[in-house]
Amino acid sequence: MSSFATEIIQVPPILGLTLTDELLTVTLADGRIISVPIAWYPRLLHGSPAERDRWEISPNQTGIHWPDLDEDISVKNLLLGQPSGESQRSLQAWLDQR
């Protein structure tokens, strides 16, 4: 997808989310429900249930933050089907310090 196309995507606010051991499911204000595998976000995958359960919707309601995991996921990336862009090196450093 061209960068122009990604700039014109309308990003609806998040109404809520559910997280299982396999899926992150986000409900949007426009009625869409988006589910993606948590394997797309290795910090979620490696997080404990308690760490995964502690999340915050961003003030503009277009992103989710997990403070205990230092993970942020935007609605835009979910809509574009983009998994985490974190490098293996960064992820490994994070895992090593846990």
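These are my notebook entries on what I looked up in this structure, which is a predicted model.

**Entry 1: the overall layout**

I started by listing the secondary structure. The protein has five helices and six strands. Reading from the N terminus, I wrote down the order α-β-β-β-α-α-β-β-β-α-α.

Next I looked up the dimensions. The C-alpha trace spans about 40 × 30 × 25 Å along its principal axes.

**Entry 2: surface, burial and contacts**

I looked up how much of the chain is tucked away. Of the 98 residues, 31% count as buried. The protein exposes about 5,900 Å², and carbon and sulfur atoms supply 51% of that area.

Then I turned to contacts. I took those between residues at least 6 apart in sequence, and 45% of them join residues at least 24 apart.

I also checked the charges. There are 7 positive and 13 negative ones, and their mean positions are 3 Å apart.

**Entry 3: the core**

Which residues have the most contacts inside the largest nonpolar core? I noted Leu19, Leu24, Val26, Leu44, Trp66, Ile73 and Leu78, in a core of 19 residues. Several elements give two or more residues to this core: strands E1 (14–19), E2 (23–28), E3 (33–37) and E5 (63–66), plus helices H4 (75–80) and H5 (88–97).

Leaving out residues up to four places away in sequence, Leu24 touches Leu17, Thr18, Leu19, Ile34, Ser35, Val36, Ile38, Trp66, Ile73 and Leu78. Among these partners, Leu19, Trp66, Ile73 and Leu78 are also on my list of core residues with the most contacts.

I looked up Trp94 and Asp96, both found in helix H5. Is Trp94 buried or exposed? Its relative accessibility is 8%, and the cut-off for buried is under 20%, so Trp94 counts as buried. Asp96 has a relative accessible area of 57%, so it is exposed, the cut-off there being over 50%.

What does Trp94 touch, apart from its neighbours within four places in sequence? I found Arg43, His46 and Leu69.

**Entry 4: some loops**

- Ser48 is in the loop between helix H2 (42–46) and helix H3 (49–53). With a relative accessible area of 28%, Ser48 is partly exposed. Asp68 is 20 residues from Ser48 along the chain, and their C-alpha atoms are separated by 9.7 Å.
- Gln61 is in the loop between strand E4 (56–57) and E5. Gln61 is partly exposed, at 38% relative accessible area. Its phi is positive, about 65°, although Gln61 is not a glycine.
- Asp70 is in the loop between E5 and strand E6 (71–74). Asp70 also has a positive phi without being a glycine, and the angle is about 50°.
- Glu86 is in the loop between H4 and H5. Its relative accessible area is 25%, so Glu86 is partly exposed. Leaving aside neighbours within four places in sequence, Glu86 is in contact with Arg43 and Leu91. Ile64 is 22 residues from Glu86 along the chain, and the C-alpha atoms are 16 Å apart.

**Entry 5: a link I spotted**

Which residue turned up in two of my contact lists? It was Arg43, which is in contact with Trp94 and also with Glu86. Trp94 lies in helix H5, while Glu86 lies in the loop between H4 and H5.

Conventions: Residues are numbered from 1 along each chain as its sequence is written. This is a predicted model: local features need pLDDT of at least 70, side-chain atom pairs count only at pLDDT 80 or more; totals for chains, interfaces and linings use all residues. Side-chain values use heavy atoms; hydrogens and water are left out. A nonpolar core is a set of buried Ala, Val, Leu, Ile, Met, Phe, Trp, Tyr and Cys residues joined through side-chain atoms within 4.5 Å. Buried means under 20% relative accessible area, exposed over 50%, partly exposed in between (1.4 Å probe, protein chains only). Helices (H or I, at least four residues) and strands (E, at least two) are DSSP runs, numbered from the N terminus. Contact means heavy atoms within 4.5 Å. Accessible areas come from the Shrake-Rupley method with a 1.4 Å probe; for residues, only the protein chains shown count as cover. Lys and Arg count as positive and Asp and Glu as negative; His and the chain ends are not counted. The place of a charge is taken as NZ of Lys, CZ of Arg, CG of Asp or CD of Glu.
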